[in-house]
Every structure is written in C-alpha cells, then in structure tokens.
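Me: I have a structure open on my screen, and I would like to learn how to read it. Could you walk me through it step by step?

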Amino acid sequence: MVTLKKVVLSLASLAVSATAQSSQNCDTGTTGTGICFQTYFDPVFGSWFSWVFPPLGDTTYTKEFIGQMTVPIAGKWAGVSLGSGMNSNLLITAWPYNGAIVKSARQAYNYAQPTQYVGPTITTLATTINSTHWKWTYRCQNCTTWTINGASGGIDSSVYSVFGWAYGSTAVTTPSDPFSNMVQHDDARLYGFDTTQAHSSSYSSYVNLGSTSTTSTTKASTTTTSSTTTTTTAIVTVSPTPYDYVVVGAGNCGLVVADRLTEAGKNVLLIERGGPSTYNTGGRDIAPWLTGKPYTRFDVNGLFEAMFSSSNPYWWCNDISVFAGCLIGGGAAINGALYWYPPDADFASDNGWPSGWQTPNDAYAKLKARLPSTQTPSPDGKLYLTQVYDVVSKMLNARNFQPIVINDNPNSKNYVYGRPAFSAQGGTRYGPMATYFQTAKARSNFKLWQYTYVTGLVRTNGTITGVRTNYTAYGGNGIVPLTTKGRVILSAGAFGTARILFQSGIGPSDMIALVAGNSQYASGLPPSSAYINLPVGNNVSDNPSINLVFTHPSVDSYDNWAPIWSSPRTADAAQYVASQSGVFAGTSPRLNYWEALGGSDGKTRYIQGTARPGAASVTTVYPYNASQIFTITVYLSNGITSRGRIGIDSTMYGKVLTNPWFQDPVDKAVLLTGINNLLSTMSSVSGLTMITPDNTTTITDYVNNYTPAGMNSNHWMGSTKIGTSSSNSVVDANTKVWGTTNLFVVDAGIVPGQPMSNPHAMLMTVAEIAVPKILALAGGA
C-alpha cells in the first residue's frame, strides 16, 4: 500500500492536491493559469499529473488535451504514458533547463530508449520553476490517437483510463535537446484516471494562455516560459461524510461484505485501490477481436492465460512480491475461475476454526442462491477441448477413482475426479462482480471509491476513528471519519490487510519499527504506547504445487494459449463473438481430482490435481511435439502443517519473509507420494509420455530442486489468523482484531488452515459467515 508523501510548501510554492482516484484541482492564485484540472497525485515521489479535455462531442478541439506536470526539483525529468504502459503508447517527456521546460513526444517498441514520435504538437502554456518544484502546463494537439509499431492506440476520455508516470533523478544526457537520451527512470507506475470527470466547458478559453510551441516533427528546441513567478493553487476540498462501515478492498470477500451490510441498511463506503475489471464494473479493456462487444479480458474466461503474458499487466498489485489482483473483484477477477463449494472439512475445528464456524449451512445456502456453479460454462451446454480429460481420466480409472459432479458432492474428496466447476453464466466470468457488487451499488447507502490507497487507520488506543487515504481532497487530509458507532472491515487480502495493520501500529515490533523508520509513513502511527503486539504476518500457508508436463497424440495444446489475446483461432473467436459459447467460455482447466493421504505424523493431508492443455514451461533433453502437450499440477491442500511469514521492507513493499512450503518435511513426503501414485498408472494409457521431468530426473530430485517461486499457488492464507487467544491469532471468533473495539478483518488472512480446493467460493463463504457475526455484536452501527 503506497502512502501519501506529506509535502509542506510555502505560499510561494506551486503545490496542488490530488488523489489516486483523481479529483478536481484549480490552478488559481495571482499568477495561476486558472485552469481546473482532474489530477492524479503520485505518492512515491510527490508529483502531480493533471489533464483537462474539451467537452464530449466538441468538434473544434479534436484529438487534444491540456496537461500539467508538477514535479519536485529533485526530479531531473518526468514523463507520462497515455496508456497502460510504456510500449506502444504515446509518451510525453519533460525536464527543466535554463529556466524553461524542454519537452517531447516519444514512442517505445520495447523496454528500451524511447524515440521521437512524429505528429503531436505540444504548446507550452505556462512554466514555473522555484526552489522546491517545477510545474509545466501544456497543450497537446493530435495526442489522443496514435499508431506505434503497427498498433493503433488512443485515449477514450468518455471512460476510465489507465495511464502511467515515470520519474528520473538523473539528468538527461543533453538537456538542451528534447530528444536526448536519458538514464532509465528511478521508478514508473501505472494508475487509474477518471477521464470521465476531466472535461471542461471552459476549454476554449484555456487554450489561449500560452506563447510557445514545439512540434515533435522537428528536433528544434526554442521553448520559453510564459511566467517566471510562482503560483498558489486553490484546493477543491470535499466535505467528509462519516460512514457506519468502511470496507477496504473490493475483492472476493469485500464485495460480499459490502453487499450484506448495505442490505442490512448500513451506510457503507467500499474503498478499492484499483479500478474496474469486468464490463459491468466499468472495465473497457477489450481484446482486439472483441471490439464493440461488452466483454473485457476479465469477462472472457478463455482469456485467463493471457493475464500472464501481457506487456502491461496493470491488474496486478505492483507493491507486493507475489501475484494479487488490484481491481474490482480482486482475485475473483483474475484467477482461473475454478469455483468449488467448500466441504465441511474447510471449517472444521481441526483445521483451526474456533467454535461457531463449523458446518455453516446458512452461509452455503446464501452463496449457492446468489452464485450457483456449473461444469458446462458454454451456454450451448457442450464441452470443448475434452482430450485432456479423456487421457487423465484413464490414468485415474486405473486406480479406481470415481467420476462425479464435484459440487454435487462437496464432502467427497477422496479418490474422485470430475470436470472443473465455474461460477460462469452466459459464457462469461461471473463471480461477485456480477452478483454481490451489482446489488450493492444499486442501493443509495453504498458508496465506492476506486483508485484510492488506504495508508493506515486513525485510532485512539483500540478505537478506530477514521481511515487514512491518499484522497487528500477529502476533508483536506484524506481521512474518512466514522459515525459514532462506526466500524472498519479490512478485506484487502493476506498481504494488503497485513500492511495496513503494520502501518497502523498493529503487529510484531519489527514490522512496526520499519514503519516508524520510514519518513513517509511514520507520521501515521499512533504513539508507541498504543501499539498492539499481534502476530500479523505469521501462520501463513500456501499450497505447494508441482507441474508435470506430458504429451499425448490425442491432445490439442491449443497453441499453448499464446495467441488468444491478439489472434485466436478464427472459428473459436467467431463462435464466442456470436453467442459467447465454445472454448472461450471456460478457462484452461479440464479435469480435477482429489486424494486423501496419511502422513508419518498420523495426520491426513489432501492432494488436489488440475489438468489443462498447454504448459507454462518444458524442461527436457528430448524432442517433443508442442501441439500435444498438457500439464497436471499436483497441489497439497487441506491438512498442510507448514507455515511461513510475510511482512514488509523499509519501503513498505510487501514480501515473503519465510517461505511457507515444506517447512514440515512430512508435507513434502506426502506430496511426493501423491505424485508417484498419479504416475503409477501412466503405462495404462497408450502414447502417454512425461517430458517434464523426463526420465533423466527422478521425481524426488525434481521436487527437491523445484524453485520456491514456481511452487507458489497464490492461495495465501493465515496472515491475520482467526483464533481464541491474542497470543497466537490476530482476530477473535467474530473476526474482531484483538485489542480493538471496532476493527475487523474478513479476507483470506483470517483462514487458519488451507482449504480443500481453490479458495474462490470458500472465501465468499467466509464473508457470508462473518457479516452476521459482526452485525450481531453489541456497540456497532
């Protein structure tokens, strides 16, 4: 979680205030431009990036905007990307030189030195340079459409946009040359920007402010400044509204929590650090072959594998060391969409759950009513790419496994297999985005903030009085107040929630010390006497997973899913465009199985297997037919005893401190047994060959040498474990944080032991159980 850098400037400075979700800021004062912008604040270096566009439908000022950069004087250059990444998007770079701003329009084909882009005309409208910052206001004509490396791009200012910024503290090679080479930026980030609110009816008056222009078709640099005096800026402040509940994180759990609270009549603010995902959440990231259709990359299940190959993966959280979704839906928007009803074992006392959580039938019923499962995600009722299922089922049949409809028998998880279950409807990824979120946002007592970072909690001892954000226009300080009996529910995920707690003085002393030693974050901590020592970040578990890669002559690897975003198979794409049916209605998995195994410690652990066409990587000394490859991923799930630890570093970057895999050697032994059991019937399937590992490597060596990063399943649990004592847990049986009166956690972090299967449905069940418990507690709104 990136926090707001506190910048204190004199009245002679040129600071403005902005937010991650952007707000209006007017550049006024005795020498200001008078332009009212929509502005994004970069909390990493303390820079502001602003835009204003002509009114929608305007025919006079087409393909243009007015922009402004306000950058600390330590920034020797800065730049913006007008799309979701550096490559194939128009770039604007600028830096101060001899009292003026040198600027250029650039392009990049890959992650290398950006070069001149011919076409835009950039006009300097105003420049201010003083001892603390430099500010440049410019008009950019012919800047909202471009063609780079054969790919067309542009800005649609009628919808939310994703832009990027870059900041460099090392001066460019030749400052007088607008196309000078430059040292790689110190940092660069993507951010969401509400371009829908960036249109002004005063645009025609704004364009007449400047005196000097630069056209990017020439390398001439004749920039002068229209003003050398400083300006003050009027900050448009939003009056704060107190809420009964502030829910942080619009993921799997947060969407359920917000919906059920508003259903109960509570006034709820839901804060999401990212932006929209699916079309019905406001997303518009649509594959080229779906242009004009209301299906984003997050709607189309079959585009799942493309999540990992994009050059601009803005949906991943960029400040933690593992994959996590930072957008509406969280993991539910970007995962493999497998949707397994949880068995009773998931909430059993021997899986760490306190009394009152066992066999939650009411919660199950609510979940199934809102979001039923299907094993035929294609609306035509047909199954596609069934070859992997056919091959792997023969291996399992030889061991007397039974085929079942998995979600018809949630408690049957030994010697069974079946087809994957999805929450898909109408051939699209459904999940909480299409259900809980839709009913919540239809209510007048629900408010959503997107692109807003929560940097900590304001508290007096154990009572939370507000939520600190980087939406600084809100009340002038970004703090969201609570009503008299208000409460905060953290649903930011195992890593995100842990970091918010650390930054609020809750957690182990070594983590809080890192916050206290960070100049940007320390001011948000309460007095040290109010620190609450809890094992936040401990007890973390994740499924260790091992990929086995095979070939079989009957299998279609589906081109290893490589061309699905830009150039999918013509017939399959046409089928999905026409009826949302076919291969693209489901994600890549084609079969799942489970097996229970006893360990030498007398405990039962479960194996889950997932089989799919294609492979993430192949390691073999032998030739193979890439069109016939498929993967079986073998996971260790319910019953895992190994635990690790997560935390932060001095920059607040979330990271794994102790890997959670195979800390207990019995876990590894059981997983090895499960893999060997699977392979024991390979010979019963004619033509089946395992190529990773191949016969030059033993299974034991293969597992022993498996890299931890490759073993990560991204099913992180336990960082804010539920329990009955503050000595070994973070929240009590009602999900309330120990030592507080009105702070709760409802996300994967409270789960004390790994669930049986992919946790999508299980986590939504956690939320369905938790909300009634929270509402029933005395003293709350």
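Me: In which sense do strand β20 and strand β26 pair, and over how many bridges?

Reply: Before we look, note that this is a predicted model, where local features need pLDDT of at least 70, side-chain atom pairs count only at pLDDT 80 or more, and totals for chains, interfaces and linings use all residues. Residues are numbered from 1 along each chain as its sequence is written, and side-chain values use heavy atoms, with hydrogens and water left out. Now the general idea: strands of a sheet pair through backbone hydrogen bonds, either parallel or antiparallel. Here β20 (residues 416-418) and β26 (residues 591-598) are antiparallel, with 3 bridges. Two strands count as paired if DSSP finds at least two bridges between them. Strands (E, at least two residues) and helices (H or I, at least four) are DSSP runs, numbered from the N terminus.

Me: Which residues of β26 stand opposite V416 and G418?

Reply: V416 has W594 as its bridge partner, and G418 faces N592.

Me: What is the strand order of the sheet they belong to?

Reply: Follow β19-β20-β26-β27-β28-β25-β31: these 7 strands make an open sheet with mixed pairing. At its edges are β19 (402-403) and β31 (689-692), each of which pairs on one side only. Helix α10 (residues 665-679) packs on this sheet, touching β25, β26, β27, β28 and β31. The direction of α10 makes about 145° with that of β28; such angles run from 0 to 180 degrees between N-to-C directions, and axes are lines fitted to C-alpha atoms, for helices over the stretch in contact.

Me: How many bridges join β26 to β27?

Reply: There are 8, and the two strands run antiparallel.

Me: How many residues of β26 are buried?

Reply: "Buried" means under 20% relative accessible area, exposed is over 50%, and partly exposed is in between (1.4 Å probe, protein chains only). In β26, 6 of its 8 residues are buried.

Me: Which backbone angles deserve a second look?

Reply: Most residues other than glycine have a negative phi, and most peptide bonds are trans. N539 is not a glycine, yet has a positive phi of about 60°; find N539 in the loop between α8 and β25. Y558, also not a glycine, has a positive phi of about 55° and lies in the loop between β25 and α9. At 2% relative accessibility, Y558 counts as buried. Finally, the peptide bond from T692 to P693 is cis, with omega near -5°, and P693 is in the loop between β31 and α11.

Key: Contact means heavy atoms within 4.5 Å.
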